[in-house]
Amino acid sequence: MFFLRSVLWDSCFPWPSDCSKSLENYAKVDVVVYLVDAYDKERFAESKKELDSLFSDESLANVPYLILGNKIDIPYDASEDELHYHLGPTNFTTDKGKVNLGNLNVRPLKVFMCSIVRKMGYGDGFKWVSQYIK
Ligand SMILES: Nc1nc2c(ncn2[C@@H]2O[C@H](COP(=O)(O)OP(=O)(O)OP(=O)(O)O)[C@@H](O)[C@H]2O)c(=O)[nH]1
């Protein structure tokens with residue numbers, strides 16, 4: 001099952017206090033797909049805070065994170081490096097090589113830039129994360 005953060009965001013604002021209850025309703029989460037507006041740089045800190053709260057959620061302790069930086073068709077969007085800097089790997093995650101999901105010390109996380117309306121970029125992200133889905 002994919003956990004689409006934006007769906008939860010829309011259905012149970014504010015995040016995370018109300019949404020953490022929703023997570024308990026999911027028997028098993030294979031992947032976290034986290035969609036961020038790449039042009040909305042002022043909200044990167046807020047996005048990072050939400051990501052950190054997901055990292056600390058035990059029910060998501062062993063899942064890969066696909067970060068999609070959306071709206072790259074809009075001028076002045078953040079570069080991949082910029083988004084990677086703000087939302088990229090932490091002490092809990094890595095973007096290096098294939099991670100054994102049985103290793104609870106670190107989880108795979110990768111940033112892909114995309115434009116949903118132009119239908120570009122996200123395919124590579126889903127292809128990357130699909131290697132972790134049995
Ligand atoms: N230019 C552009 N617009 C997009 C893209 N994806 C979604 N939108 C548009 O952005 C608008 C807002 O959509 P979202 O950003 O998904 O909405 P949201 O996350 O509920 O909005 P916020 O919480 O305010 O960020 C809609 O009009 C979408 O059509 C994209 O890749 N490029």
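Leaving aside neighbours within four places in sequence, which residues is Val36 in contact with? The views below start there.

**View 1. Val36 and its contacts.** This is a predicted model, in which local features need pLDDT of at least 70, side-chain atom pairs count only at pLDDT 80 or more, and totals for chains, interfaces and linings use all residues. Residues are numbered from 1 along each chain as its sequence is written. Once neighbours within four places in sequence are set aside, Val36 is in contact with Ser47, Ile67, Leu68, Gly69, Asn70, Leu83 and Leu87. Contact here means that the C-beta atoms of two residues, placed from the backbone, lie within 7 Å.

**View 2. The largest nonpolar core.** Val36 turns up again here: along with Tyr34, Leu66, Ile67 and Leu68, it has the most contacts inside this core of 23 residues. Strand E2 (31-37), helix H3 (44-55), E3, H4 and E5 each supply at least two of the core residues. E2 gives the most, with five. A nonpolar core is a set of buried Ala, Val, Leu, Ile, Met, Phe, Trp, Tyr and Cys residues joined through C-beta atoms within 7 Å. Buried means 20 or more other C-beta atoms within 10 Å of the residue's own, exposed means 12 or fewer, and partly exposed is in between, with C-beta atoms placed from the backbone.

**View 3. The whole chain, for orientation.** There are five helices and five strands, running β-α-α-β-α-β-α-β-β-α from the N terminus on. Helices (H or I, at least four residues) and strands (E, at least two) are DSSP runs, numbered from the N terminus. Of the 134 residues in the chain, 24% are buried. Among contacts between residues at least 6 apart in sequence, 72% join residues at least 24 apart.

**View 4. Around the ligand.** Ten residues surround the ligand, and the closest are Asn70, Lys71, Ser115, Ile116 and Val117; to be near it, a residue needs its C-beta atom, placed from the backbone, within 6 Å. The shell divides into three nonpolar, three polar and four charged residues. The unreviewed UniProt entry places a "binding site" feature at Asn70, Lys71, Ile72, Asp73, Ile116 and Val117. These positions spread over 48 residues of sequence but cluster in space, with a largest C-alpha distance of 9.9 Å. Such annotations may be inferred rather than shown by experiment.

**View 5. Lys71 and Ile72, in one loop.** Ile72 is in the loop between strand E3 (65-70) and helix H4 (80-87), and Lys71 is also found between E3 and H4. Ile72 counts as buried because it has 20 C-beta neighbours inside 10 Å. Lys71 has 19, so it counts as partly exposed. Lys71 isn't a glycine, yet it has a positive phi of about 75 degrees. Not counting residues up to four places away in sequence, Ile72 touches Ala38, Asp77, Met113, Cys114, Ser115 and Gly121.

**View 6. Ile116 and Lys119.** Ile116 sits in the loop between strand E5 (107-113) and helix H5 (122-130), and Lys119 is also found between E5 and H5. Ile116 is partly exposed, with 14 other C-beta atoms within 10 Å. Lys119 has 9 such neighbours, so it counts as exposed. Lys119, another residue other than glycine, has a positive phi near 55 degrees. Leaving out residues up to four places away in sequence, Ile116 touches Asn70 and Tyr122.

How values were computed:
Ala, Val, Leu, Ile, Met, Phe, Trp, Tyr, Cys and Pro count as nonpolar, Asp, Glu, Lys and Arg as charged, and the others, Gly among them, as polar.
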